[in-house]
Every structure is written in structure tokens, then in C-alpha cells.
Amino acid sequence: MESLEETPWDVTISGTGIAQSLLALALSRSGKKVLHVDKNPYYGGSDAALSLQEAEEWASEVNKATVQLPFEDATVYSPSDSGLSPSRAYTLSLSPQLIYSRSQLVPTLVSSRVYRQLEFQAVGSWWIYKPTASGDKDLYRVPSSREDVFADEFISMKSKRTLMKFLRNLGQSQLNQESSQEESPAQDDLSKPLPEYLTSKFQVPPELYDPLLSLSLSQAPAQKTLAQYAVPRIQRHLTSIGVFGPGFGSVLVKWGGGSEISQVGCRALAVGGGVYVLNSGIESLNQDSQSETDDQRVQLRLLSGETITTQYVVGSNWDLPSQTQAPCDYDQVSRSISIVSSSLDDLFPATAESGPIPAGAVVVFPASSLGLTDESPPVYISVHSSETAECPAGQSILYSSVSIPGQQGQSLIEGAIEKLLQSRAGPNAKVLWSLRYTQLGRAVAAGGETLPANLVSGRVIRFPPPSLDLAFDDSIIDLVKDAWTMVMGDEASKEIFMKFEDREDYDDEE
């Protein structure tokens, strides 16, 4: 077997985040010599899933890092009498994301034949926190279907009629798109802020602004979220319901979310002959810019001390040497992962007859519910039950996010968690452990800006910063396809991207 230094690599992928791992999956049947390295000792990059001990070690590494990472200001809260189970009883995702049934990721996982190695679980209800004088029923379940609207006890009859008008319009618009007809006239003037659009086009009352905004998962204030951003995402939410089963439209991946997808992609490449080296990223990069011939190669020095040559290098700013990083303005969000001593069963009702018991729920705290003005962003809490295998029975995981970095954002998250536990947990429920941090990345533009493309410099392909969206960002599939096309060259025209047949030794692969 040739050593790393002796092998003429076709492509070296740096980092095992979702984008890089999907590229590894796409190249797994290509016959190319692929080296996949990661400076971390674990798979997943910014999408990694960690045990308690690993999370605490990770926080320490973040705070003493001498180079820029996609995370900052990590702190761990762990009271001495917490009552936690052993470290390995927990699998905590650094970047949890929902996957909608209508996402481009789903057909990609199916056509590439790796979906069998993943277990999907339903995300059921969306909840809005609406303080009441009595303190009862502070959480309001957002109606997501025609049946939900008619059964709702809080929306007035007039508001129900306007809401149904809006929902019918979205349904008709979807039919028009599927039949390649022109969009409905009511879709005009989407450049307005969502509240203004809802009022001017459908006479939707203000009481419905927050519920509809929550279905879009916008992390921006309502007045800064344009209809052209929110309306397609609300439509995605509604049209995804029922695709995989009754009563839900989005799913989680059991055992670690995005980290599981990363590992599935990496395993596929390993089966196809790719070579993996963890604990060894790229230390330096030397690209010959004098020649543009087909045999031009890039020289890399790995952190392990080995020097290799490769035709292409692919990674993100955080996975490539600092001297090659492209200037970038990062967005920031405050995030926390909290283990709580309650199963919060009330948040996971079956949302349709014969439907599954969900393993996930979304709770939204509008700025006004936290004592802020409407110009402030909402706090989102994605609640995962023990059925996700992320925590022991009788506990649950709260993944919280707000687009205000630093201590102010963390204070808002703590306040939201306290209100959630007071509303739906027993009097003795408490936070057993939490990890709080700032994440850097790319906010999916609520104002309608164009999303970035891969940055190509010679034979170095750089993925843009990872998305900070709360749902899987489908633009990743397009970015991966662009990188795959460049690496494959003329061969790309002979292959179908991510379209594979089952391997004959499928059982061995499993």
C-alpha cells in the first residue's frame, strides 16, 4: 500500500462537516483517489455530536483556540448536585437542524442509497409562548393545517377566515408551480415586510403575525423579515406535512442529527476506497499559480508532518490554512444546549390520528413575551425527547438559539428556558447541565439577499460559511454539486450526481 506521501491524490477534502461529507459521498463511486482529513479527533465539524465529557473538552478547546473557529465564548454550567447520568448517555449536537420532507436533502439521501443507514423521527408541534394573566396555557399550539385552524380555541372566527384564505392561496400557488403555471397574483409585492404583506393582501390580524413567522423559522424580527423570504418557507412547512406520514412535515435524525449524516457520507467514501485521517488537518498549502495545465498539482503539508500532492483541495475557511482564508463577514447567534430533568411529554402530542408520537417540538418566544420590543428577534427552542437517544428517559434536551450574540443573547435564552419549564414541567424540574456558546456562520438572508457560491482559487475550492438556519439549508446540495462537477471534470457529464445503485455487498457495508 502506498503511503500518503507517495499517493498522487485526485482530491483532498479538509473537514468532515455536512458539506464536505456529502461531497465525500458524491465521490464515493467515482474511482478517484480521495484523501479526507480533519484536524479534530471526531467526525462532523461544526455539526458534531458530543458526549458530556467531549462537550466540556470541546468548550475548553474553543476558549483557548489560537486560530479563528466557527465558535466563541463557550461556557459549561454543571451544578454539583445535578443528577446527571454517565457522560456516554448523552449525544449533544452542536448545530441541530430540522429536515423538511420537501428538502432537497431527502431525495439526495435516497438516490445515493445511504438513507437506510439513518433513522428519522418526527417533529410534531410548533408552540408560541403567549403570557396570560392566570399563568395557565402560556404555550399556544400553532395551527399548521386546515383541521388545526377549525379546531383552534383561541383564534376568532374572523381571524380563522382570513387565515384560511392565506392558506388556500399558498396551496394554489404550490399547484401553479407544480404545473409550471404563473404564480398567483396574490404573490405579488413580496418585497414588503411579512406583517405588511399579510395585512395588505389578506387582512391578517396582528395576533397571527408571530404564529405565521414561527413557521418560517425566521430568526430576524418580523418587520425585518421580508415576505419573499417567509412566504416560501411557510409554504414549505405546510406542504411538507403528510409526505412521510400523517401530522408532521419535518424530521430529526436519531443519534446525533447532522453528525449522523456526516458519518454516513464518510463511511460511504471509506467503502469506496477513500482514506481518512483524523487529528490531522492541513498545516500549509502551496499552489503553483504559474501553470494551468491539467497536471497542475497543489502541495499540502499535513499537521501530522507528511507532505502530499493533490489535484484539488476542498474545505471551508476553518478547515484550510489561515494564509489561504478568504475575507468574510460572519453572522453570529447565541446558542445553548440544556439538559433538563423533565421529559416535557406535553410538548409531544400525536398531531394526527394514527400519526407517530413526535420526538421533537419547536417552542418560539416572540420578543414581546420576553419584555423586548418588536424590533428584537425571537428565541427558538428545539425540544428533543429521550426517544432521539440524546439523553436518558425522564429527561429532554433543549437546543436554544437567538440572533443576538454574547451575554445579552444568553440571558434571553435563560429567561425563555425558565418560562418554558414553569409552563410545562413539574415544580421540581430544573436545568441539570448546559453548554452556552456563540456560533459564527451564514444567516440565510431574511432580507432576500443572494446566497454565496463556492469560492474557487486555482484548484482550491472553498465552501462558504455554514448556514445558521434552524432547518437544513438546501443551498448546500447545490454547493456540493458545484464542487463535485469541478473535481470530476469531463466525467461529470457521464454521471448523474448522487445517483447510485445498491452495492452487491450491501450487507457488508451496513
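A salt bridge is here a side-chain nitrogen of Lys or Arg lying within 4 Å of a carboxyl oxygen of Asp or Glu, and the structure holds eleven of them. The model is a predicted one, in which local features need pLDDT of at least 70 and side-chain atom pairs count only at pLDDT 80 or more, while totals for chains, interfaces and linings use all residues. Residues are numbered from 1 along each chain as its sequence is written, and side-chain values use heavy atoms, with hydrogens and water left out.

One of these contacts joins K32 to E491, whose closest N and O atoms are 3.3 Å apart. Because K32 sits in the loop between α1 (18–26) and β2 (34–38), and E491 in the loop between α11 (475–488) and α12 (506–509), the pair ties together parts that are 459 residues apart in sequence; helices (H or I, at least four residues) and strands (E, at least two) are DSSP runs numbered from the N terminus. K32 is buried, at 18% relative accessible area, whereas E491 is partly exposed at 35%, where buried means under 20%, exposed over 50% and partly exposed in between (1.4 Å probe, protein chains only).

E54 pairs with R88 in another salt bridge, with 3.1 Å between the closest N and O atoms. E54 belongs to helix α2 (residues 52–64) and R88 to the loop between β4 (71–77) and β5 (92–93), so this contact ties together parts 34 residues apart in sequence. E54 is partly exposed at 27% relative accessibility, while R88, at 64%, is exposed.
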